[in-house]
Amino acid sequence: MDENEQLKEHEKDRRDFLSCLGSAIACGAATVAASSVSSQATAATQETTAASQPPAIPGYDWSKHHWAFGVDAEKCIGCLRCVEACKRENNVSLDPHHFRTWVERNVLLEGEDNARIDSQHDPVNIAASTAEGEYRFANRYKDANVEKAFFVPKLCNHCTHPACVQVCPTGATYKTEDGVVLIDHTYCIGCQYCVQACPYGARFFNEEKGVTDKCTWCYHRITKGLQPACVEVCPVGARVFGDRNDKQSPISQFIQNNRVRVLRPETGNAPNVFYVGIDKDVT
Amino acid sequence: MDAIFHASPFTGYVYPNETVIPWTVLIVVYPYLTGLVAGAFTISSLYQVFGFQQLRPVAHFALLISLCCMLTVPLPLLLHLGHPERAFNAMITPHITSAFAIFGYAAAFYIILLVLETWFVFRPHIVHQAQQQTGVFAWFYRILSLGSNDVSEKAMRYDRKWLFALAIIGIPGAHGLHGYVGFVFGSLKSREWWSSDLMPVIFLFSAIISGTALVIVLYVLSCKLRKVSVDLACLKVMAYSLWGFMMFTLLIEGVEFASLVYRGREGIEVIMEFVKGPLVVPFFILQFGVGSVLPLAVITFLIWRGTGGTALILGITGSAILVLLAVLMMRYNVVIGGQEISKTAKGLLAYHPPFFGREGLLAAGIVLVVPMILLSVIVRIFPPWEEVTA
């Protein structure tokens, strides 16, 4: 099989998978709908009012996984390949105001107390990008006396107690058993209450579909044994993903071998993206 | 892409997704309307439940104002939703951990209560019209009477019992509904500007003053249109209520703001930057100065001098118009202001509402006019005026 054929085959598999996943999620939501009408009282006690039956993804059992994500800010070089890959993989609008993942640049200049932070939506960085869907950090500090600088990749934290899931009036956004927070785009009413509730700015409104959107850790890929697109393209291994149930997985090793921290622990959301190498200004 | 979303300019650092403001002027109008509902209902209840006889000329009118505003409340929400056709999902499969899931039920319950109360209040009128009118109108009123033509003293006593009960249930209903709207904002831990236990109380009391102010303005306007004299005793009681509730609202708002500043948690620098910069005109000048202090001073002056006649009517009505503006600005400063302060606590956004479009100023303005149009129709079907209903 030549490379083109392989690609086509891969595309076909992916389409089949996605359509299967779509039906599965829809079925899941329908189950939620039916069960929450019949047993509202019990639904109140369940934070994960998502499908009580796992979606029928061939060869995948969501009760056997516990996904988590790691970010090693020491390694990130701010190339933004992750941002570009995510946009393409997940069909995210290419403008610089809708991101499932983005990278922040923290720069502490000599004589200043707080770091200066910018990201892909900064007008200077937008101007430095030459094409739509291409993202660059402008070299704006070349003449400054930089004391310390680093990059921080950001994405949905897939919290254990997600505020977005708590506030969703319909249950369209839910926590899966394997630890991922998903949105059923066929059930979301587009009220954007979840966008407000997320303390990390991880959610946005998809104007074309009229629903909210966010990172899924590439659920369509991870349930097939693949890595999320951003992890796969990272040239320096700054993004780590895996199953915490598997003690040898990259993420288990990452958490075991590093002093990790999460963003805004005071919210009580209990994030599942673990960071290494970030500074006090990162929130 | 610019046509389907508006990215707001910012200073400092804000998250990239925050540049598209999620809740727009329609979500400013929505709590404003629910507030008017609660406030107008308060005036009606002061007469129905607590027997404030001076409020008799406006009691039924206030009930109709409350009803018309309530019927319009779903409109800004539906206009705002990405999928309005799925709005009932929240009622079919309510996700009851959501502060918003029960709103549909609470609103539906309250609309039914208002319709029932209106029916009982105007039942004598309906029966009378069903017997007097001819043709289509006779049929219309006959249907409205639901086959009950008994207006004997015994039946009226029975009706009054129902009215009293409905008005009593309506008090926690109306105020609960609006306090609940305050909770929708106050319970969010992601925004320091909203996250306050006092938010439901502030919403509630500002609601009462806005509803009272609306009843004052519309009552005076209706008297002018009907060419009858304004009942000064009634107007004075409403002005006193407005004064008292305003004092309390200002106090609570002051306490809330003082706590926010005094606690000085993370992000207070950027909040102070917001307060001293973009908030000066909408808050300090419009909401606080022109909309609150000025009408309070005017009403105080009128009471102190014992002013009467046209000067009293003009003074109170003018003050009420300013209060309506102040509460609208309060909703704007809470809803939009909260989103202009970034969740990063390191930056500010500047929201400039578009004029046209589904979530533009024009749409919001139309939503605010709808209850007035409804009211102008409904007062012809159910005349709430003293000289007609007495």
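Which residue of E9(A) is the bridge partner of Trp67(A)? It is Asp243(A).

This is a predicted model, in which local features need pLDDT of at least 70, side-chain atom pairs count only at pLDDT 80 or more, and totals for chains, interfaces and linings use all residues. Residues are numbered from 1 along each chain as its sequence is written, while chains are lettered from A and ligands numbered from 1 in the order in which they are written.

**Figure 1. Strands E1 and E9 of chain A.** Strand E1 covers residues 67-72 of chain A and pairs with E9(A) in the antiparallel sense. The pairing runs over five bridges. (Two strands pair if DSSP finds at least two bridges between them.) Trp67(A) and Asp243(A) are bridge partners. Strand E9 of chain A spans residues 239-243, and four of its five residues are buried, so the strand is largely enclosed by the rest of the structure. Buried means that 20 or more other C-beta atoms lie within 10 Å of the residue's own; exposed means 12 or fewer, and partly exposed is in between, with C-beta atoms placed from the backbone. Chain A has nine helices and ten strands. Helices (H or I, at least four residues) and strands (E, at least two) are DSSP runs, numbered from the N terminus. Of the 283 residues in chain A, 45% are buried.

**Figure 2. Confidence along chain A.** The mean pLDDT of chain A is 86. In this chain, 81% of residues reach 70 or more. (pLDDT is the predictor's confidence in each residue, from 0 to 100.) Residues 1-11 of chain A stay under 50, and the model has one contact for them beyond four places in sequence. Over residues 17-51 of chain A the pLDDT is also below 50. That stretch has 54 contacts in the model beyond near neighbours in sequence. Two residues are in contact if their C-beta atoms, placed from the backbone, lie within 7 Å. Where pLDDT is low, the predicted coordinates should not be read in detail.

**Figure 3. The contact of chains A and B.** Chain A gives 50 residues and chain B gives 37 residues. Elements of chain A that give two or more residues to this side include helix H1 (3-38), helix H2 (40-45) and strand E3 (116-118). By class, the side of chain A that touches chain B has 25 nonpolar, 19 polar and six charged residues. Ala, Val, Leu, Ile, Met, Phe, Trp, Tyr, Cys and Pro count as nonpolar, Asp, Glu, Lys and Arg as charged, and the others, Gly among them, as polar.

**Figure 4. Helix H10 of chain B.** H10(B) covers residues 268-276, where Val270(B), Ile271(B) and Phe274(B) are buried. Seen down the axis of H10(B), its buried residues fall within an arc of 105 degrees, so they line one face of the helix. (The arc is that of the directions from the helix axis to the C-beta atoms.) They pack against strand E1 (10-13), helix H12 (309-340) and strand E2 (346-349) of chain B. Chain B has 14 helices and two strands.

**Figure 5. Val25 of chain B.** Val25(B) is found in helix H1 (residues 25-48) of chain B. With 25 other C-beta atoms within 10 Å, Val25(B) is buried. Beyond its neighbours within four places in sequence, Val25(B) is in contact with Pro353(B), Glu359(B), Leu361(B) and Ala364(B). In chain B, 46% of the 390 residues count as buried.
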